[in-house]
Each structure stands twice: as structure tokens, then as C-alpha cells.
Amino acid sequence: MKTHIIKALTLLVILSFSAISLKAKEKKPLENQIIVGYAKNTDPKQIKSLEDKFKIKVIKKFKRIYAICYEIPVTQNIPELINLIQQEKIVKYAEKNGKIAKKS
């Protein structure tokens, strides 16, 4: 009986640590991320073309606000890239990804 309890607890601990380490791997650093907002009816082909042009990789799509979070190349200058992307006709806005301060 004791061995079953010990085995069950050991398995539970291993699974808990596995889940924690998987979550840690999923999170990407915000330093190399930007969010780009598009007009509501922007053609997906145009978006793909922009992604290829600037060599940016999709991390997450926000369907309700018509925006996409991208990972950018580490060697890229973020303010410069944002400025270039904002000049594209299909882009409503582009900004660095980061935490938003709470309003008091």
C-alpha cells in the first residue's frame, strides 16, 4: 500500500514539473515582438506578402482587433522596423509588444 502511494506521489511530482517546464518554454521574450494592426478586410495574401517582405514570424493572431503579434529577427532595429511597417498601406498601426501599465 505504501509503495503505491509513494509511486503515485512521485508520478504527480514529475507531471507537475513537466507541465511547469512546458509552460516556461511556450513564453517568448517580448523584446523581439511587435504587434501590427490591419484594416478589417485586408486580404490575407497582402498580409503574407508583408510578413515575407520584413521576415517577421507570426506568434499569435488577434481576430477581434484584426492584429497579429510577430517575432522579429534579433538583428533588426525595432523602431526602424516599426517605422517601415507603418508606411505600408494595409497597416493601421504597428507597435512594440509589451506589458501595459494599469490605470489607477
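Which residues lie nearest the centre of the largest pocket? In this predicted model, they are Tyr38, Ile47, Lys61, Tyr66 and Ile68, out of a lining of 14 residues. The volume of the largest pocket is about 280 Å³. Helix α2 gives the most to the lining, with four residues. At least two lining residues each come from α2, β2 (57–62) and β3.

## Overall layout

The protein chain has three helices and four strands. Read from the N terminus, the order of these elements is α-β-α-β-β-α-β. The chain has 104 residues, and 24% of them count as buried. Its accessible surface is about 8,700 Å², with 60% of that area belonging to carbon and sulfur atoms. Among contacts with a separation of 6 or more, 66% are between residues 24 or more positions apart.

## The nonpolar core

The largest nonpolar core contains 17 residues, and those with the most contacts inside it are Ile34, Val36, Tyr38, Ile56, Tyr70, Ile85 and Val91. Five elements each supply at least two residues of this core: β1, α2 (44–54), β3 (67–71), α3 (78–86) and β4 (91–96). The largest share, four residues, comes from α3.

Leaving aside residues up to four places away in sequence, Val91 touches Val36, Gly37, Tyr38, Leu50, Ile85 and Gln86.

Leu81 is a residue of helix α3. Why does Leu81 count as buried? Its relative accessible area is 0%, and the cut-off for a buried residue is under 20%. With residues up to four places away in sequence left out, Leu81 touches Ile34, Phe54, Ile56, Ile72 and Gln76.

## Tyr70 and Gln33

Tyr70 belongs to strand β3 and is buried, at 0% relative accessibility. Not counting residues up to four places away in sequence, the residues that Tyr70 touches are Asn32, Gln33, Ile34, Val36, Tyr38, Ile47, Glu51, Ile56, Lys57, Val58 and Ile59. Tyr70 also has a polar side-chain contact, made with the side chain of Glu51 at 2.8 Å.

Gln33 is located in strand β1 (residues 33–38). The C-alpha atoms of Tyr70 and Gln33 are 5.4 Å apart, although 37 residues separate the two along the chain. Is Gln33 buried or exposed? Gln33 is buried, because its relative accessibility is 5% and the limit is under 20%. Its side chain forms a polar contact of 2.5 Å with the side chain of Asn97.

## Loop residues

| Residue | Relative accessibility | Class |
|---|---|---|
| Asn41 | 74% | exposed |
| Lys55 | 64% | exposed |
| Tyr66 | 35% | partly exposed |

Asn41 sits in the loop between β1 and α2. Lys55 is found in the loop between α2 and β2. Tyr66 is part of the loop between β2 and β3.

What is the phi of Lys55? Lys55 is not a glycine, yet its phi is positive, at about 55 degrees. Tyr66 likewise is not a glycine and has a positive phi of about 55 degrees.

Why is Tyr66 classed as partly exposed? Its relative accessibility of 35% falls between the buried limit of 20% and the exposed limit of 50%. Asn41 and Tyr66 are 25 residues apart along the chain, and their C-alpha atoms are separated by 8.9 Å.

Key. Residues are numbered from 1 along each chain as its sequence is written. This is a predicted model: local features need pLDDT of at least 70, side-chain atom pairs count only at pLDDT 80 or more; totals for chains, interfaces and linings use all residues. Side-chain values use heavy atoms; hydrogens and water are left out. Buried means under 20% relative accessible area, exposed over 50%, partly exposed in between (1.4 Å probe, protein chains only). Contact means heavy atoms within 4.5 Å. Accessible areas come from the Shrake-Rupley method with a 1.4 Å probe; for residues, only the protein chains shown count as cover. A polar contact is a pair of N or O atoms within 3.5 Å; within protein, one must be able to donate a hydrogen and the other to accept it, and residues adjacent in sequence count only if both atoms are side-chain atoms. A nonpolar core is a set of buried Ala, Val, Leu, Ile, Met, Phe, Trp, Tyr and Cys residues joined through side-chain atoms within 4.5 Å. On a 1 Å grid over the protein atoms alone, a cavity is a set of points where a 1.4 Å probe fits but cannot get out, and a pocket is an open set with protein on both sides within 12 Å along at least five of seven lines; lining residues have an atom within 4 Å of a point. Grid points are joined across faces, edges and corners, and a volume is the space filled by probe spheres set on the points.
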